[in-house]
Amino acid sequence: MDIRLIIRLHKLLLIEQTGNPKELAFKLGISERSVYNYIGFMKTELNAPIAYEVQKASYYYERACEFNFKG
């Protein structure tokens, strides 16, 4: 997993501007399959409360979510 992609994905999730998986893949410059892998990783390994809103066609956080990736 590329931490830079996780940070970009996190920022898009915060503003609910991911779009559908195909659009998100384009925004991140990765495959649609990789989008599902990153979302799955964030949900299982980082305990991110990610959900998908069908009407908005966008992923979002169900509750407040912050990450600290400072080294």
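**Exercise 1. Placing Ile39**

Work out which helix holds Ile39, and whether Ile39 is buried or exposed in this predicted model.

*Solution.* 
- Step 1: Find the element. Ile39 sits in helix H3, which runs over 32-45.
- Step 2: Check the accessibility. The relative accessible area of Ile39 is 6%. The cut-off for buried is under 20%, so Ile39 counts as buried.
- Step 3: List the contacts, skipping neighbours within four places in sequence. Ile39 then touches Leu9, Ile50 and Tyr59.
- Step 4: Gly29 is 10 residues from Ile39 along the chain, and their C-alpha atoms are 15 Å apart.

**Exercise 2. The largest nonpolar core**

Find which residues touch the most other members of the largest nonpolar core, and which element gives the most to this core.

*Solution.* 
- Step 1: Start with the members. The core has 19 residues, and Leu9, Met42, Ile50 and Tyr61 are the ones touching the most other members.
- Step 2: Sort by element. Helix H1 (3-14), helix H2 (21-28), H3 and S2 each bring in at least two residues of this core. H1 gives the most, with five residues.
- Step 3: Zoom in on Met42. Leaving aside neighbours within four places in sequence, Met42 is in contact with Ile6, Leu9, Leu13, Asn47, Ala48, Ile50, Tyr61 and Phe67.

**Exercise 3. Two positive phi angles**

Asn47 and Ala57 both call for a look at phi. Say where each residue is found and how exposed each one is.

*Solution.* 
- Step 1: Recall the background. Most residues other than glycine have a negative phi.
- Step 2: Take Asn47. Asn47 is not a glycine, yet its phi is positive, at about 55°. Asn47 lies in the loop between helix H3 (32-45) and strand S1 (50-53). With a relative accessible area of 58%, Asn47 is exposed.
- Step 3: Take Ala57. Ala57 is not a glycine either, and has a positive phi of about 55°. Ala57 belongs to the loop between S1 and strand S2 (58-61). Its relative accessible area is 24%, so Ala57 is partly exposed.

**Exercise 4. The hairpin**

Describe how S1 and S2 pair, and name the bridge partner of Glu53 in S2.

*Solution.* 
- Step 1: Get the sense of the pairing. S1 and S2 pair in the antiparallel sense, over four bridges.
- Step 2: Pick out one bridge. The partner of Glu53 is Ser58.
- Step 3: Look at the turn. The two strands form a hairpin with four residues between them, and the turn includes Ala57 with its positive phi.

**Exercise 5. Salt bridges**

Count the salt bridges, and work out which pair links distant parts of the chain.

*Solution.* 
- Step 1: Count. There are two salt bridges.
- Step 2: Look at Asp2 and Arg4. Their closest N and O atoms are 2.9 Å apart. Asp2 is partly exposed at 23% relative accessible area, while Arg4 is exposed at 60%.
- Step 3: Look at Glu16 and Lys56. Here the closest N and O atoms are 2.7 Å apart. This pair links distant parts of the chain: Glu16 is in the loop between H1 and H2, Lys56 is in the loop between S1 and S2, and the two are 40 residues apart.
- Step 4: Glu16 is partly exposed at 30%, whereas Lys56 is exposed, with a relative accessible area of 55%.

Terms used: Residues numbered from 1 in each chain as written. Predicted model: local features only at pLDDT ≥ 70, side-chain atom pairs only at ≥ 80, totals over all residues. Heavy atoms only, no water. Buried < 20%, exposed > 50% of the residue type's maximum accessible area, 1.4 Å probe, protein only. Pairing = 2+ DSSP bridges. Contact = heavy atoms within 4.5 Å. Core = buried A, V, L, I, M, F, W, Y, C linked by side-chain atoms within 4.5 Å. Salt bridge = Lys/Arg side-chain N within 4 Å of Asp/Glu carboxyl O.
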